[in-house]
Every structure is written in structure tokens, then in C-alpha cells.
Amino acid sequence: MSFNRLAPHYRRLEWLLAGPRLQRCRLVHLEQLAGCRDVLLAGEGHGRFLVAARRRWPEVRFVHLDASPAMQSAARSALVNAGLLVERVGWITADLRTWTAPPAFDAVVTQFALDCFDPTELPGVMRRLAGALRSEARWLWADFQVPDRGWRRRRAQLIVAAMYGVFRPLTGLSARRIEPVAPWLEEAGFRRSARVESEWGLLAAEAWQRDGHRINPA
Ligand SMILES: C[S@@+](CC[C@H](N)C(=O)[O-])C[C@H]1O[C@@H](n2cnc3c(N)ncnc32)[C@H](O)[C@@H]1O
């Protein structure tokens, strides 16, 4: 799996296919990072959230984690273009399927990234990310989703199938559909504090919170 080939075109591709919609979705819960000191951006890619978050919370230490060096390079360029210091951000090039860390973060942000994992990979990724968080922690999640019924469901099914149809051959992703993340967040002691849907239910942004109860990752 690699997003390296896509990285140089990713921002333009996003604008072409979705205009400002994904970025609006990413920023819905930005205020929920109030009071955080260390925030992990997992699968952050080209850094659109990173730039906005650094501007809004200049005192927070953000760590950009991604498996793709080319995506990280795009994120660095985005910071420089926005007049922000690259050195103020931590950079980890790693695979979330194997990366582990001690509980050193107050929050993790996963946006349009957990849909890269298939059902055999997702539980381990979620447990390892939860294990990198302090006992009191927040988790901001945003992604595509398929509503339960009606024309919204059919519309979302078509769009999501087209997306995987394009992205799987280009990146080598193993995932074929979007897996629910809520059971894994609940298992790790989080409860949902906010949820906003947009684009007729195709996009969702959630904020989750854990109040001092930590379950160690498997
Ligand atoms: C669809 S892009 C989303 C990028 C960004 N978060 C956004 O909001 O647009 C998925 C990102 O997750 C990263 N990614 C996918 N699988 C990964 C893995 N196993 N470990 C680390 N990063 C991964 C990719 O390199 C890519 O940057």
C-alpha cells in the first residue's frame, strides 16, 4: 500500500472531486482540541488539517504520522506555503498497522484514513492508536460513510464504490469498503460527544472523549 504516486496530485484531485467539502468536514470539530498539548495526526497525508490546526492552536505540538514520505513532503510544502514553521511539527513515517507508542498524546485525529484498513487490520490499528493516548483523551474522526437507507444510501454506495475502484489499483489498498470504527472506540473507553453529517449523509465528522479510563491495547 502506498499513496506516494498520488501525493503530488492529491490536493488538486480533492478539489476537483469534492471542492471545499472534505476540508469543511475536517474542521467541524477543530475547537475540540482546546486544552490539548500533544496531538497525533494519524494518516494525515497532504496536511490540510495540519495547516488549519497549527494556525488555530499554535501552542499545541502536532505530530504528523503517515506511511507515505511523498504525502509528508506535500504536508511540509503546505506548511511552508502557509508561512508556518515545519520544525514546530513532529514527523513520523510509519505504518499504522505496526506502529506503537507509549501513551503520550492528548488527542488523535484520523480523517479519511481509517477507511484504508480492512476488517483484519482495523482493530489492531485502533487499539494501537488508543494505546498511544493518555487516559483522558479525545479522538476526532471524519470519513465517508454509507447511510442506512433510501436514495442517500444508494448515492453513497455508488460514490464509495467508485472511490475504492479508483484508489485500490493506484495505491494497493486492501480495504474494499468502509468499516465502522465506533465499536473499537467504545472498546477503548471512548464515548461520542459530537457528530455532524454532511453531503446527504456521505460525510461524517465525530468527536469522541475518554475521561480517565484507559484500556491497554492488546
Ligand atoms: C485517503 S488519504 C487521507 C489523507 C488525509 N488524512 C485527508 O484528510 O485527506 C489516506 C492517508 O493515510 C495514509 N495511510 C494509509 N495507510 C496507512 C498505513 N497503513 N499507515 C500509515 N498511514 C497510512 C496514506 O499514506 C494517506 O496519506
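This is a predicted model: local features need pLDDT of at least 70, side-chain atom pairs count only at pLDDT 80 or more; totals for chains, interfaces and linings use all residues.
Residues are numbered from 1 along each chain as its sequence is written.

Me: How do you know that the span of helix H4 agrees with its 13 residues?
Reply: Helices are DSSP runs (H or I, at least four residues), as strands are (E, at least two), numbered from the N terminus. The expected span is 1.5 Å times one less than the number of residues. For H4, residues 69-81, that gives 18 Å, and the end C-alpha atoms are 18 Å apart, so the two agree.

Me: Which residues of H4 are buried?
Reply: Met-71, Gln-72, Ala-74 and Ala-75 are. They cover an arc of only 155 degrees around the axis, so they lie on the same side of H4. The arc is that of the directions from the helix axis to the C-beta atoms. Val-80 and Asn-81, on the other side of H4, are exposed.

Me: Why is Glu-199 called partly exposed?
Reply: A residue is buried if 20 or more other C-beta atoms, placed from the backbone, lie within 10 Å of its own, exposed if 12 or fewer, and partly exposed in between. Glu-199 has 18 such neighbours, so it counts as partly exposed. Glu-199 is in the loop between strand E6 (191-198) and strand E7 (203-211).

Me: What makes Trp-200 partly exposed?
Reply: Trp-200 has 13 C-beta neighbours inside 10 Å, so it counts as partly exposed. Its phi is near 55 degrees, a positive value in a residue other than glycine.
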